[in-house]
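Please read it alongside the sequence and the model shown here.

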Amino acid sequence: MACRRAGSSVRRVTADQLLEILRAPAIAVAPGTTEAAVAHIESVSERLRLVHRQLADAKREIARLIDVLADSEDSGSGQPGGQRDVTVLSSLPGVGQTVLATLLAEAPQALARRDYKALRCMCGVAPVTRRSGKYKLVVRRMAAHARLRDAVYHWARVAVQRDPVSKAKYAALRGRGHGHARALRSVSDRLLAVACAMLRTQTCYRPPCPAEENAA
């Protein structure tokens, strides 16, 4: 039985029908085809294992370096004025290891200056306004740092799931007719502003209490 939903076709079969299909004679192929396919799969699987190990090693090294930065902040070494940027940024909803490492590696000067305007341009969340006479058009900023743009996208995506304020902002934007990506860019814009304010005051993020959530 075929079922069409949202333009896609899904074939549904019973367990007996599936067993019959699997027990059917295999397709006839030229001699050596099966062996060549097996050799290719083995080669690809070895490469995948290598990439998996390298990714795991990279994640462990990133985690180690973040811990070193956090420890240096706690001890006061290498951080003028007792700054603890890693701890502050880590407290924000949606900021995980990858997002934190990307922000620290790709935008260190802007973070050090607490430069919200520079960060929102670098991350691609600041819109571009085009004017000509009575003509006015606000469009997405294409000139942005690719890694930072991806990082803040996923930052906002996770924050919408875990942070009530971000979730409410996203829902309001969607209710006004904005698309998913457009709404996430606005959430990212707010999160960058909050991050800069927190860095300036060296305070960690505090989740809103139920009363504050209802007020928002």
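The model is a predicted one, in which local features need pLDDT of at least 70 and side-chain atom pairs count only at pLDDT 80 or more, while totals for chains, interfaces and linings use all residues. Residues are numbered from 1 along each chain as its sequence is written, and side-chain values use heavy atoms, with hydrogens and water left out.

**Overall make-up**
- The protein chain has 10 helices and four strands, where helices (H or I, at least four residues) and strands (E, at least two) are DSSP runs numbered from the N terminus.
- Along the sequence these elements follow the pattern β-β-α-α-α-α-α-α-β-β-α-α-α-α.
- Of the 216 residues in the protein chain, 25% are buried, buried being under 20% relative accessible area, exposed over 50% and partly exposed in between, with a 1.4 Å probe and protein chains only.
- Among contacts with a separation of 6 or more, 56% are between residues 24 or more positions apart, a contact being heavy atoms within 4.5 Å.

**W155 and L103 in their surroundings**
- Leaving aside neighbours within four places in sequence, W155 is in contact with L92, P93, G94, V95, V99, L103, L191, L192 and A195.
- L103, which lies in helix α4, is buried with a relative accessible area of 2%, and, not counting residues up to four places away in sequence, L103 touches P108, L111, L148 and W155.
- The C-alpha atoms of L103 and V152 are separated by 8.8 Å, although these residues are 49 residues apart along the chain.

**Packing of α8 with its neighbours**
- Helix α8 (residues 164-175) packs against helix α9 (residues 180-201) at an angle of about 140°, with the axes 9 Å apart, and α8 is therefore oblique to α9; angles under 35 degrees count as roughly parallel, over 145 as roughly antiparallel, 65 to 115 as roughly perpendicular and the rest as oblique.
- On the α8 side of this contact are V165, S166, K169, Y170, L173 and R174, which meet H180, A183, L184, S186, V187, R190 and L191 in α9; the residues of the contact divide into seven nonpolar, three polar and three charged.
- The axes of α7 and α8 come within 6 Å and cross at roughly 105°, which means that α7 is roughly perpendicular to α8.
- In that contact A159, V160 and R162 of α7 meet P164, S166, K167 and Y170 of α8.

**Backbone points in two loops**
- Most residues other than glycine have a negative phi.
- R114, in the loop between α5 and α6 (116-122), has a positive phi of about 55° although it is not a glycine, and R114 counts as buried at 10% relative accessibility.
- Q202, in the loop between α9 and α10 (210-215), likewise has a positive phi of about 55° without being a glycine, and Q202 counts as buried at 18% relative accessibility.

Notes
Axes fitted to C-alpha atoms, helices over the stretch in contact; angles between N-to-C directions. Nonpolar A, V, L, I, M, F, W, Y, C, P; charged D, E, K, R; others polar.
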